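The exercises below are meant to be worked through with the sequence and the structure open side by side. Try each task before reading its solution.

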Amino acid sequence: MGNWIINNGLTAFILVVWMGINIFLFVWFYFFYDLGPQFFYTRHLLGSALAWARAPAAVLNFNCMLILLPVCRNLLSLIRGSLMCCGRTMRKQLDKNLSFHKLVAYMIALMTAVHMIAHLLNVEWYNNSRQGVYDKLSIALSNLEDTDNTTYLNPIRTTDIDPQQIPTYFVFTTIAGLTGVIITLALILIITSSMEVIRRSYFEVFWYTHHLFIIFFIGLVIHGVGGIVRRQVTTDPPHNFTFCKDRTDDWGRIPECPVPQFKGGPAQTWYWVIGPMILYVCERLVRFIRYMQRVTYRKIVMRPSKVLELQLMKKGFKMEVGQYVFLNCPAISQLEWHPFTMTSAPEEDFLSVHIRSAGDWTDKLIDIMQKLPEGAQGPKMGVDGPFGTASEDVFDYEVSMLVGAGIGVTPFASILKSIWYKFKDSNPKLRTRKIYFYWLCRETHAFEWFADLLQVLEKEMEERGMGDFLTYKLYLTGWDQSTAQHVRVRFDQDTDAVTGLKQKTNYGRPIWDKEFEQVRKENPTSVVGTFLCGPEALAKVLEKKCAKYSDVDPRKTKFYFNKENF
């Protein structure tokens, strides 16, 4: 439990606070509408469905205020930079921005469903009251009209069409009904297109439907303008509903029972969302300014396994290790932006990314680059960023474990390059004294991407007598008969048959218990940062190992888990 608190305590606290606010808002507004005297007559028409509609609306306002903040990337980078003086645990929360964004979206979906079902019942009961199905009081309240001396309570005013069609007519002819339908449809499309299988296989569908959030927020702000839910207002003399509810025939005839007056509540959603909306507009404005800045190509290289390396130059561009950028290629799509971790180091005067064929957009980009004449500049490229990630904190730890799966090695290429430059320049600020690097690949060609970098580092460490600084292990998780035969023939050579490195390639997957035990044994009093850029399944395994092998004694080894999120 102590180890779990070390790695997840602050995250759990934030989630408890968030859930606590949601529960408080729901309960508070539920009882406000269920017990409030100003809604006595409204409750008589609608029953408990009134409170069940309004309580989720309050929770929706709160979460719609939050939903845009985790995707304001420039804002998060600004906050992350301002928190550099704070603890790494605080900065780690910013790396979970997309997880929180999804959690808030789930709450919005749940509250929308409850709100919608309750209001569908409300419309049905409003209609039944209008048709005289219920008691005398319901009929009297529904017959109140907007005149000089009276105001209506029942928003259904139409009586000259088929009663069965009135609810549908009401939904599609009122501001609240029509905007409710539009924002619900937009929300359904946004959520369904965000499913993992669609986002991975049809990113364009996810990207375009996600921009329905513009329609969603416009509809959300307008939704409450109609004032459908009405409350009783104070009159002179006052209307005492306790005394007058059974004397509808005397309304307006005796001083004790003037005709009750009602009004709709003001639209409140815009109070909640106007701030985040302005922040998001500023965010998009910054992205547009960055898009307009000129980007030139330094080098275009096709790597094995359909991996494209782009070396780009942009005036005034500065980065930190492990950061990522968003790329836009107007020749493919004017609107699509895709995230890529930079493989260049901060010490270099250019930025580089490695792009693996993983969908329509990447396939089209690779195809364009392959058709370019030798030495030609590529198509116009927009670069937005850089943006911070967990890997920025790698040099804050005495010992770091870097785990990359396939193309997930990219942030660690930046880190390893930066280490090489720091050693080359004898940088005294380098706090890290030991790095363990694990790279898992399915095919041998993938190792060619950065084998040359590892060879340079291997040589550099040996020359400086620091061969123990970097321990790296390469794992080939898939191979065929020809690979096995090639390895068998060259097994006794000094260098590896697959990579040409002195460190031999391992076949299969790491035994993580063994690896963590070794790291703990070699670093008995260190704080170890474990960094992953890879699949969620591997993240769960490593997170459990970090908790398992951390010691409760603060003087002994502790493992902190960090994962890249895009």
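This is a predicted model: local features need pLDDT of at least 70, side-chain atom pairs count only at pLDDT 80 or more; totals for chains, interfaces and linings use all residues.

Pro386 is found in strand 8, which covers residues 382-387.

**Exercise 1. Find the disulfide of the structure and work out its handedness.**

Solution. A search of the whole structure gives one disulfide, and the cysteines that it joins are Cys244 and Cys257, with an S to S distance of 2.1 Å. The torsion about their S-S bond is about -95°, and the disulfide is therefore left-handed. As for position, Cys244 is in helix 13 (residues 241-244), whereas Cys257 is in the loop between helix 13 and strand 2 (261-264), so that the pair, 13 residues apart, links distant parts of the chain.

**Exercise 2. Classify the packing of helix 3 with helix 14, and that of helix 8 with helix 9, from their angles.**

Solution. For helix 3 (residues 49-66) and helix 14 (residues 269-292), the angle is about 10° and the axes are 8 Å apart. Because angles under 35 degrees count as roughly parallel, helix 3 is roughly parallel to helix 14. On the side of helix 3 the contact is made by Asn61, Phe62, Cys64 and Met65, and on the side of helix 14 by Thr269, Trp272, Val273 and Pro276; these residues divide into six nonpolar, two polar and no charged.

For helix 8 and helix 9, the angle is about 80° and the axes are 4 Å apart, and the two helices are therefore roughly perpendicular to each other. Here Val171, Phe172 and Thr173 of helix 8 meet Ile175, Gly177, Leu178 and Val181 of helix 9, a contact with five nonpolar, two polar and no charged residues.

**Exercise 3. Describe the second largest pocket by its volume, its lining and the helices that supply the lining.**

Solution. The volume of this pocket is about 1,000 Å³. Its lining consists of 45 residues, and those nearest its centre are Arg54, His115, His119, Ala176 and His223. By class, the lining holds 28 nonpolar, 15 polar and two charged residues. Among the helices that each supply at least two residues of the lining are helix 1 (2-35), helix 6 (97-130) and helix 12 (213-223).

How values were computed:
Residues are numbered from 1 along each chain as its sequence is written. Side-chain values use heavy atoms; hydrogens and water are left out. Axes are lines fitted to C-alpha atoms, for helices over the stretch in contact, and angles run from 0 to 180 degrees between N-to-C directions. Angles under 35 degrees count as roughly parallel, over 145 as roughly antiparallel, 65 to 115 as roughly perpendicular and the rest as oblique. Contact means heavy atoms within 4.5 Å. Ala, Val, Leu, Ile, Met, Phe, Trp, Tyr, Cys and Pro count as nonpolar, Asp, Glu, Lys and Arg as charged, and the others, Gly among them, as polar. On a 1 Å grid over the protein atoms alone, a cavity is a set of points where a 1.4 Å probe fits but cannot get out, and a pocket is an open set with protein on both sides within 12 Å along at least five of seven lines; lining residues have an atom within 4 Å of a point. Grid points are joined across faces, edges and corners, and a volume is the space filled by probe spheres set on the points. A disulfide is a pair of cysteine sulfur atoms within 2.5 Å.
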